[in-house]
Amino acid sequence: MNTGNSVVGNNVQSNASWTTGTDILKSGYTTAMQGYGQQANILNNLYQNQLAGWQKQQDADAKNVGGLMSGIGSLAGMFMPSDKDAKQDKKPVRGALEAVRGMPVEEWTYKEGAGDGGRHIGTYAQDFRRETGKGDGKSIPVIDAIGVTMGAVKELDAKFEQIARGIGPMRQSARGSGRQAERGIGPMRKAG
């Protein structure tokens with residue numbers, strides 16, 4: 001009987017060890033599942049942050065596209081008919097050079113979200129409107145900018161021609177004085 005009791009005791013002890021091992025295994029499994037749950041939360045948070053960043057980028061791009069569409073609307077003026085027969089109420093433009101003189105021309109970069117992010121050279125819509133009366137003070141109509149520039153170039157060309165015409169007679173006069181000096185005529189005579 002002692003032997004039987006000893007075998008049963010050993011069996012009970014084995015069963016207790018097995019139950020303890022099972023509890024340890026169950027505890028390890030539970031801990032692992034909690035770790036996987038935390039990892040899933042971390043990955044979900046990371047995904048949510050990336051999604052929020054993507055959404056902000058989409059919003060910024062949409063804002064830029066809105067600005068771009070406004071710019072494209074302004075550029076549409078470049079493709080408007082330029083045929084003389086498509087226009088009416090025509091009159092000459094004077095003072096384009098003076099208007100250009102009154103506008104600062106600077107190098108600049110758009111603020112974040114306001115343009116294409118590139119470096120540009122130009123004037124400002126407010127100054128363009130003040131000097132020409134064209135535009136809304138927020139954008140410069142391309143067709144008017146081209147017209148003002150062409151008008152200023154024409155005015156400069158006219159000034160250059162006027163100066164050149166004045167210099168021509170002075171050159172001829174200077175050449176004539178030089179020829180007279182070579183022939184010994186006039187105030188400067190060659191020694192000889």
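Helices here are DSSP runs of H or I with at least four residues, strands are runs of E with at least two, and both are numbered from the N terminus.

Before going further, a word on what is loaded: this is a predicted model, in which local features need pLDDT of at least 70 and side-chain atom pairs count only at pLDDT 80 or more, whereas totals for chains, interfaces and linings use all residues. Residues are numbered from 1 along each chain as its sequence is written, and side-chain values use heavy atoms, with hydrogens and water left out.

**Stop 1: D127.** Stay in α3 and pick D127. Its relative accessible area is 13%, so D127 is buried. Show side chains and you will find a polar contact of 2.6 Å between D127 and R130. A polar contact is a pair of N or O atoms within 3.5 Å; within protein, one must be able to donate a hydrogen and the other to accept it, and residues adjacent in sequence count only if both atoms are side-chain atoms. Setting aside neighbours within four places in sequence, D127 is in contact (heavy atoms within 4.5 Å) with M103 and P104.

**Stop 2: T123.** Now step back to T123, in the loop between β2 (119-122) and α3. With a relative accessible area of 19%, T123 is buried. A polar atom of its side chain lies 2.8 Å from the backbone oxygen of P104. Which residues does T123 touch, not counting those up to four places away in sequence? They are M103, P104, F128 and I140.

**Stop 3: past the end of α3.** Select G133, which follows α3 and has a positive phi, near 80 degrees. Then take K134, in the loop between α3 and α4 (142-183). K134 counts as partly exposed, at 41% relative accessibility. Beyond its neighbours within four places in sequence, K134 is in contact with F128, R129 and D144.

**Stop 4: D136.** The loop between α3 and α4 also holds D136. Its side chain has a polar atom 2.8 Å from the backbone nitrogen of K138, and the side chain also reaches the backbone nitrogen of S139 at 2.8 Å.

**Stop 5: the aromatic pair.** How many aromatic pairs does a search of the whole structure find? The search finds one. Select W108 and Y110, which are edge-to-face, 5.0 Å centre to centre with 70 degrees between the planes. Rings of Phe, Tyr and Trp (its six-membered ring) pair if their centres lie within 6.5 Å; planes under 30 degrees apart count as stacked, over 60 as edge-to-face and the rest as tilted. W108 is buried at 17% relative accessible area, whereas Y110 is partly exposed at 37%.

**Stop 6: D89.** Move to the loop between α1 and α2 (96-101) and select D89. Although not a glycine, D89 has a positive phi of about 55 degrees. Most residues other than glycine have a negative phi. D89 counts as exposed, at 72% relative accessibility.

**Last stop: the whole chain.** Zoom out and follow the elements from the N terminus: α-α-β-β-α-α. Buried residues make up 9% of the 192 residues. Finally, colour by pLDDT, the predictor's confidence in each residue, from 0 to 100. The chain averages 77, and 68% of the residues score at least 70. Among the elements, helix α1 (residues 2-75) has the lowest mean pLDDT (68) and α3 the highest (96). Over residues 188-192 the pLDDT is below 50, and this stretch has four contacts in the model beyond near neighbours in sequence. Where pLDDT is low, the predicted coordinates should not be read in detail.

Terms used
Buried < 20%, exposed > 50% of the residue type's maximum accessible area, 1.4 Å probe, protein only.
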